[in-house]
Structures are given as structure tokens and as C-alpha cells.
Amino acid sequence: MKIKYCILTLILFITGRVFAQDARFVASASQTTVSTGEQFQLTFSINADGSNFNPPDLSDFQLLGGPNVSNSMEFINGKATASSSVSYILAPTRVGTFIIGPATVVVNGKKISSNSIKMTVLKRRTGQPNNNTGGGGAGTQANTGSTDLSKLLFLRAEIDKNNVYQGQPVTVTYRIYTRVDILQSQINKLPDLTGFWNEDVKMTQPAQFRVETYKGQRYNVADIKQTILFPEHAGNITIDPFEMTFIARVQTTPRDFMDQFFGGNVQEVNYPAKSLPVVIHVKPLPQAGKPAGFSGAVGKFNIEATVDKDHLKANEALNYKIKISGSGNIKLLKDLNPNFPTDFEKYDPKITDTVTETANGVSGSRIYNYLVIPRHKGDYTIDPVSFSYFNPATGKYVTLSTGSFKIKVEKGINENNVTALSGDQEDVKLLNKDIRYIKTGDSDLRAEGDRFFGSAGFYLLLLLGPIVCVAAFLVRNQIRRNNADVVRVKSRRAGKIAARHLTNANKELQANNTQAFYEAVFKGLYGYLSNKLNIAYADLDRENIAGTLRAKLAKEETIGELLDTLDLCEMARYAPVTHISAKQVFEKAKGAINAIEDEI
Amino acid sequence: MKFNQIKLIACFLAMIFSPALSFGADNQQQLFKKANALYAKSQYKQAADAYQQILDAGYQSAGVYFNLGNAHYKQGELPDALLYYEKARRLAPGDDDINFNIRLANSKTVDKIDEVPEFFLSRWWKGFILSFSADKLATTAIILMLVGSALLIWYFFAIASGLKKFSFFSAIFFFFLAICTVTIAASQLSYFDSNKQAIVFTPSVNVKTSPADAVSTAFVLHEGTKVNVLGSNGGGWLKIKLANGNEGWIKTADVKAI
């Protein structure tokens with residue numbers, strides 16, 4: 001017995017210690033078996049002062065409310081006990097069994113974990129009674145009747161067509177359908193619309209409710225937002241859900257008389273809503289018949305080009321305007337690259353968009369304004385610009401073309417000094433220089449093609465020198481040949497010399513100048529003999545002459561005659577000669593020479 | 001015999017030079033003077049017409065081309081001016097005035113073309129062969145030939161050996177010079193024959209990469225630019241090369257040959 005008390009006391013002490021010192025961290029769910037769409041409360045409670053609460057992963061459930069935190073403090077026998085709890089209102093989204101993992105909290109520097117809870121989610125049964133009456137301790141915004149609320153208040157993303165060509169606009173409208181009063185609304189998340197190029201439709205006025213019938217029920221409907229989407233690639237593109245949170249006033253079934261009396265059957269409910277994802281089927285543009293210059297324009301367009309003038313001076317600006325109007329992805333149009341003459345200086349176009357976005361799509365016009373400056377005189381043509389688009393209504397490609405423009409450029413005022421090309425040529429330095437003056441002297445005019453070089457005359461004159469040379473060479477050789485034998489030349493010349501002297505002598509004789517006559521005859525004879533016999537003048541004497549003549553086989557009487565004449569002449573030079581007349585001496589001398597000439 | 005030879009040569013000379021002394025040339029000379037007077041009075045249009053008449057009559061000279069070029073230049077017709085300057089240069093390559101005006105007119109054309117630097121020897125050689133006109137060189141060659149011949153004849157008849165030596169070697173030297181001169185004149189002519197050039201007359205013309213309109217444009221030329229003509233495709237297109245080495249095709253109608 002005594003032992004029994006002892007044990008009991010011990011146990012009491014122990015439990016007392018446990019209660020006093022160990023913090024208990026417990027997770028509990030209002031129900032562990034729920035059906036989809038049904039909500040339940042998950043509570044984590046601790047009987048100590050905890051901090052750093054770390055909830056488990058609740059991604060398997062839709063978070064409808066919470067975390068709601070409540071704290072309590074108790075004083076019992078002078079001893080304070082604190083407890084706190086965190087609760088979530090959750091709703092399962094999928095059927096299955098889920099484990100809600102342990103949450104952790106730090107108490108007195110120690111990290112403790114809660115237990116984990118196994119949740120079983122069943123398929124929703126229709127006509128299930130609304131069993132949220134036990135809803136443990138939710139506040140005024142109890143999430144009652146969310147099952148019904150999903151029918152009374154929901155979001156829809158509506159598209160005007162779900163089978164489009166790439167680039168064809170789709171209008172998506174986000175709408176609220178409601179049958180309850182909405183006190184407050186807030187957009188949580190807008191879809192990020194990956195895969196589309198989008199253009200918001202400007203709402204002219206804030207969203208207004210209108211009555212519309214949907215699936216046999218009348219709803220108040222409001223358009224939150226309208227966006228025009230241009231699919232950027234082919235395939236199935238999903239528009240992500242659109243999420244909003246509402247605070248709605250919901251009628252609940254009265255629980256008792258008092259509720260009914262005070263109108264307490266109306267509850268304000270915090271309700272998060274989410275639209276369903278929408279899939280758009282995007283068809284690729286057909287490859288067949290795709291024009292070469294197609295750059296992705298889809299819709300229905302018109303093109304028109306204008307120039308502000310077609311007649312201008314060089315270095316003046318010309319505005320070339322291309323206007324594309326119509327409906328479709330106007331803002332996605334690429335630059336057109338009109339083909340300007342290469343000599344035009346071209347600037348990037350100024351693009352002006354006049355676009356209105358309506359629920360029917362995007363329409364308006366885009367104007368490309370090109371500023372070009374012709375730099376040189378001439379007649380130029382701006383080629384037509386062709387523009388292709390795909391018309392989704394007919395499913396065909398259309399190619400439009402602008403007109404071509406003839407531009408006449410006159411000579412500019414400062415054409416040569418403004419060119420971009422000659423920037424580094426020394427124009428300034430040359431401005432004060434002028435060309436050299438014309439040639440004024442006698443111009444050497446010639447008939448065309450009449451060039452001296454290469455003409456027959458040129459060659460003749462060129463050869464003239466050599467020809468003369470050859471001639472001179474021939475003449476010289478002839479002379480040389482003739483002069484080769486000096487003795488023969490001399491003897492041939494002897495008769496001539498003698499004749500010259502004798503002619504002289506004859507002259508003196510006529511003039512009766514006897515002295516000079518004999519002198520001439522003597523010189524004539526001596527000169528003749530010197531040349532004829534090839535004896536130097538100094539060596540000429542009677543013996544020499546006679547000897548040489550004899551050696552040359554002259555007749556003795558000829559020699560005698562000659563010597564006689566020589567003697568006569570020598571004598572006559574110093575003394576008058578009387579026995580013979582001068583005439584006879586002359587004849588004798590002539591006879592002697594002739595005789596020698598005959599014999600030798 | 002010697003006398004007969006001289007008579008023959010005199011006959012040849014008379015035959016050669018008689019056309020140049022004909023009356024037609026005399027008339028043109030008057031026209032040339034008249035044109036010069038018009039130019040002096042700044043009546044460039046009329047002066048250009050008068051020079052053109054001389055050319056139309058079939059006569060030409062470096063002076064006429066040069067003056068016609070000047071008259072066009074004064075009227076602001078740069079391509080014409082350059083065309084006639086270049087024609088003048090063909091007749092008188094070494095003329096300083098012509099070369100100066102070509103440089104000046106070229107600096108006013110739109111296209112600045114950097115010439116590919118030539119090997120200095122080839123540049124010198126070109127400057128050398130182009131320094132005198134072919135006809136001047138021809139006359140020089142004849143004179144050198146005659147002097148050489150005279151020296152050779154002297155050599156034939158000289159008796160003193162010193163004189164003989166001197167006359168022989170100087171005769172060889174003069175003959176050599178004469179042959180050189182003829183060679184230079186001939187290479188000058190072949191240079192002009194092989195270097196066909198043309199001036200662009202269209203204010204702005206697209207030079208194509210091949211002889212067709214539809215192909216891409218290689219580069220753009222403007223009036224007054226001188227191009228070397230490499231050949232023709234026979235279908236109205238010329239293959240041209242710029243001084244900077246670029247090649248392309250141009251329509252025959254866009255250029256005028258020098």
C-alpha cells in the first residue's frame with residue numbers, strides 16, 4: 001500500500017514536471033477526411049511561448065484563410081501559462097491522400113516539431129450537406145459555403161476564338177460572374193501571357209455590372225480587363241489562370257431564431273477565385289504561296305506611298321512616306337526597307353503609329369516617314385515597295401505594292417562642296433586657284449591621225465643619215481683605191497703640172513716678159529721631172545735626170561733634147577739668149593715633155 | 001651621183017611636209033585665233049563652239065584640246081573639261097599646263113579615288129616616256145641620227161687617228177641615243193594604245209558587278225571620274241577599273257572614251 005502511494009506520488013511529480021517544463025506543439029485538423037472543395041481547419045497549438053514558427057508545406061491545398069494567430073495567458077495558483085495557436089483554413093484541390101508535414105517552432109532556444117497529419121481527400125459528393133457548422137473558431141469572415149460560392153462567384157477568361165493563325169489577334173476578356181454582393185475585390189495575379197505579344201484594350205469606364213445569362217443562370221457580369229493577344233508561335237498556348245480575391249456577402253441558412261431575427265444570416269466571406277486556364281490552338285502560317293518579302297504581318301492592310309515633291313535640287317530633303325493602314329498586328333510590322341537610289345542619303349524612318357485597340361482587334365495605321373537627300377543631279381527612280389500580309393479570313397497571302405516615283409534632281413547650289421565623299425579633299429585651298437590660261441601661240445594643227453612618228457616621212461628622214469653614211473663610205477673607198485699607188489699618181493699628175501707651168505710660160509711670152517718666161521719653163525720642166533721620175537726636187541740635177549731617164553729606157557736623143565732645153569733655160573735666166581727665140585725654147589720644152597710622155 | 005642623191009631627198013621632204021602647209025590648216029589656224037579671242041573676252045560658250053569646229057574639220061592639236069577643255073571648265077562642265085584635257089595630254093604628255101589643269105579639275109570631281117601606289121621604277125618609267133610628245137621625240141631622233149651620220153662620215157674621211165677615234169665613238173653614241181628616242185616614242189604610243197581610258201559623263205551611275213541591270217551595285221561613280229577601260233562585252237557594257245583597283249561594269253552610254 002505504502003509502495004502504491006509512493007509510486008503514485010512519483011508519477012504525479014513526474015507529470016507535474018512534464019506539464020510545467022515541456023512545451024507541447026500539436027497539429028490538429030478539424031477533420032482528416034474531406035471531399036474536394038470542402039474546407040477544413042488546420043491548427044498548430046503550443047502551450048509555451050514559442051517563436052520562429054515555420055509552417056509545413058501546404059501546396060497540396062488551396063489556402064482559403066489564415067494564418068490566424070491566437071494567444072492566451074493563464075494564471076493558475078500564481079503560475080502563468082501561455083499558449084498560442086496558428087490556424088489555416090484549407091481546401092483540398094485534388095483527390096488523394098496527403099501528409100501535412102510537421103511544423104517547427106523554437107521554444108526556449110530549442111527547436112521542436114509538431115506531429116504530422118494524414119489527410120484523405122475524397123471525390124466530392126453532390127448534395128453533400130454543408131457541414132461547416134463545427135468550423136472551429138473562425139472569425140467573422142468565416143469561409144462558410146465556399147462550395148456554393150464557387151457557383152455564385154467565379155472568374156472566366158473568355159477568348160473570342162480559340163483556333164487562330166500565328167499572328168492573328170485573339171481577344172481575351174476577363175470577366176467576373178457573380179450572384180452575390182461583392183464588397184471588395186482585389187486582383188492577385190494577372191497571367192503573364194507567355195507566347196503572346198499583347199495589347200491591352202483601354203477600358204473607357206470602370207467595370208460595370210450587367211446582367212447576363214450563363215448556363216441557364218442569371219449572373220451579374222463585369223469585364224475586368226480586355227487584352228488583344230497576338231500568338232508568337234504555333235502550337236497550343238495556354239493562358240494561365242487569372243486570380244482575384246473577393247470579400248463577398250453571403251446568405252447563410254439561419255442557425256436559430258435569433259440569427260434570423262437580427263439578420264445574422266448574412267456573412268462576409270473572403271473568397272479567392274481563379275479562372276480556368278484557357279488553351280488557344282495556334283496554327284502556323286501556311287508555307288504554300290508565302291511571298292518572298294513576307295515578314296509576319298497578319299490581318300488586313302492597305303499600303304500607300306507618297307513623296308512630298310518629285311522635282312528638287314540636289315542636297316534638298318525629300319520626304320517619302322509609306323502608310324500602312326488596316327487591322328492586324330500593326331505594331332509588329334517590320335521596317336520596309338524601301339529601295340532608294342544608292343546616291344540618296346537615307347536616314348532612319350520616323351515611325352508614327354495611330355492605333356486603336358478595341359475588342360474587335362487592333363486597327364489603325366502606321367506611317368513610315370523616310371527623309372532622303374539626293375546628293376547629285378540626275379533622274380532617279382524610287383522603286384516600288386512591296387508589302388505582303390496574310391489574311392486569316394481568306395487564309396491567303398496578299399502582296400501589295402506602292403507606286404514607283406520618278407524624282408528629278410536638279411543641280412544643287414553647292415553640289416561639289418557638300419558631298420560627304422570629298423570631305424578630306426582640300427577644297428578650301430583650291431577655291432582661290434584657277435586653271436591655267438589657254439595656249440595662244442601658233443597651234444601645231446594636224447589632221448587627225450596624221451602623226452609624224454611612224455609615218456613614211458619619219459622613217460625616210462631617219463634612214464637619211466645612214467644612207468649618206470653608206471654613200472660616203474663607198475666614195476671614200478673609191479678614193480682610197482685610186483690613191484693606193486703614189487708614184488703612179490704622181491707621174492699621172494706630172495703632165496698636168498707641166499702643162500700648167502707651160503701655160504704660165506706662154507702667158508709670159510705673150511707679155512714679152514722673157515725673164516719670167518724662162519723661169520716658168522724651167523720650173524715646169526723641173527716639176528714635171530720631179531713627179532714623173534719620182535725624184536725629190538732637191539736631188540734633181542743633170543746627171544740624175546739623165547741616169548733615171550736612161551734607166552726608164554728613154555731614147556738618147558730625147559734625153560739630149562731635154563737636157564739641152566734645161567741648159568738653155570738655166571742660161572737664159574742669167575744672160576740673154578740670142579741664138580734661139582723664146583718661142584723656139586717653148587716649143588722645145590713642150591716637145592721634150594711630149595716625147596717623155598710618149599716613151600715612159 | 002652625190003648631187004642626185006640630195007635632189008632625191010629634197011623631193012621626199014617636200015612631199016612629206018606639203019600637207020601640213022595646205023590651205024585647210026591655214027583656215028583652221030585663223031579659227032583657232034578667233035576662238036582664243038572669244039575666250040579672252042570670257043565668251044566661253046562661243047569659244048568652245050569654235051574649238052569644236054576645228055576638231056570637227058578633222059584637225060587636232062594639244063592646244064586646241066587644252067583650250068576647249070578650259071572653255072568647258074569655265075562653263076562648269078567638268079566631265080567635258082576633263083575629257084579634252086586628257087585628249088590634250090595624249091598629244092602632249094609632258095605639258096605642265098595640261099597636267100596642272102587636270103589635277104585641279106580632278107580635285108573638283110565628286111569621287112576621290114586613292115591611286116594604288118605604283119612601284120617607283122614603273123612610275124619613273126611612265127613619267128619618262130610621257131615627258132615629251134611622240135612627234136617631238138621623232139624629230140629628236142632624226143636630228144640625233146643625222147648628227148651621228150655626220151660624225152661617222154667625218155670618221156671615214158679623217159686622217160689623224162685622235163680625230164678618227166673621237167668621231168667614231170661619238171657617232172656610235174648619237175646612234176644609240178637616236179634608237180633610245182625611237183623606243184621611247186614607240187612605248188609611249190603603245191602605252192596610250194593599251195591604256196584605254198574614259199570619263200564618266202552621267203552625274204551618278206551605278207557600277208554593276210556584272211554586265212546586267214538587275215545585279216547588285218558594286219559602287220557608285222559620279223561625273224568626271226576617269227576610268228580605265230579593260231574591255232567590253234559587246235552588249236553595251238564596258239568593264240572598267242578604277243585607279244584604286246576596283247573593277248566593275250558600266251554602260252557604254254555613261255562614259256566617253258578619251
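Biologist: How much of chain A counts as buried?
Modeller: Of its 600 residues, 26% count as buried, where buried requires 20 or more other C-beta atoms within 10 Å of the residue's own, exposed means 12 or fewer, partly exposed lies in between, and C-beta atoms are placed from the backbone. This is a predicted model, in which local features need pLDDT of at least 70 and side-chain atom pairs count only at pLDDT 80 or more, while totals for chains, interfaces and linings use all residues. Residues are numbered from 1 along each chain as its sequence is written, and chains are lettered from A and ligands numbered from 1 in the order in which they are written.

Biologist: Which strands form the open sheet in chain A?
Modeller: Four of them, in the order β1-β3-β6-β5, with antiparallel pairing; strands pair if DSSP finds at least two bridges between them. β1 (25-29) and β5 (61-76) stand at the edges with a single partner strand each, so one side of each has no neighbour in the sheet. From one strand to the next, the twist averages 15°.

Biologist: How many bridges join β5(A) to β6(A)?
Modeller: There are 13, and the two strands run antiparallel, with A:Phe61 standing opposite A:Pro92 of β6(A). Two residues lie between the strands of this hairpin, where A:Asn77 takes a positive phi near 55°. On the β3 side, β3(A) (residues 40-46) and β6(A) (residues 79-92) pair antiparallel over seven bridges, and A:Phe40 has A:Leu90 as its bridge partner.

Biologist: Switching to helices, at what angle do α8(A) and α11(A) pack?
Modeller: The angle between α8 (residues 514-533) and α11 (residues 582-599) of chain A is about 5°, and their axes are 11 Å apart; axes are lines fitted to C-alpha atoms, for helices over the stretch in contact, and angles run from 0 to 180 degrees between N-to-C directions. That makes the two helices roughly parallel, because angles under 35 degrees count as such, over 145 as roughly antiparallel, 65 to 115 as roughly perpendicular and the rest as oblique.

Biologist: Which residues of α8(A) and α11(A) meet?
Modeller: On the α8(A) side they include A:Phe517, A:Val521, A:Leu525 and A:Tyr528, and on the α11(A) side A:Val585, A:Phe586, A:Ile593 and A:Ile596 are among them. By class, this contact has 10 nonpolar, two polar and one charged residues, with Ala, Val, Leu, Ile, Met, Phe, Trp, Tyr, Cys and Pro counted as nonpolar, Asp, Glu, Lys and Arg as charged, and the others, Gly among them, as polar.

Biologist: What does UniProt list for residues 452-475 of chain A?
Modeller: The unreviewed UniProt entry lists that span as "transmembrane region", and such annotations may be inferred rather than shown by experiment, with positions given in the numbering used here and feature names shortened. In the model the span is 83% helix and 0% strand, and its end C-alpha atoms lie 32 Å apart.

Biologist: Now the interface: how many residues of chain B are in contact with chain A?
Modeller: 52 residues of chain B are in contact with 41 residues of chain A. Elements of chain B that each supply at least two residues include α1 (2-17), α4 (62-74) and β4 (217-222), and the largest share, 14 residues, comes from α8(B). The chain B side divides into 28 nonpolar, 18 polar and six charged residues.

Biologist: Last one: where does B:Ser42 lie?
Modeller: B:Ser42 is in the loop between α2 and α3 (44-56) of chain B, and its phi is positive, about 65°, although it is not a glycine. With 9 other C-beta atoms within 10 Å, B:Ser42 is exposed. A:Leu193, in the loop between β14 (181-189) and β15 (196-200) of chain A, also has a positive phi, near 55°, and counts as partly exposed with 14 C-beta neighbours inside 10 Å.

Technical notes:
Two residues are in contact if their C-beta atoms, placed from the backbone, lie within 7 Å. Helices (H or I, at least four residues) and strands (E, at least two) are DSSP runs, numbered from the N terminus.
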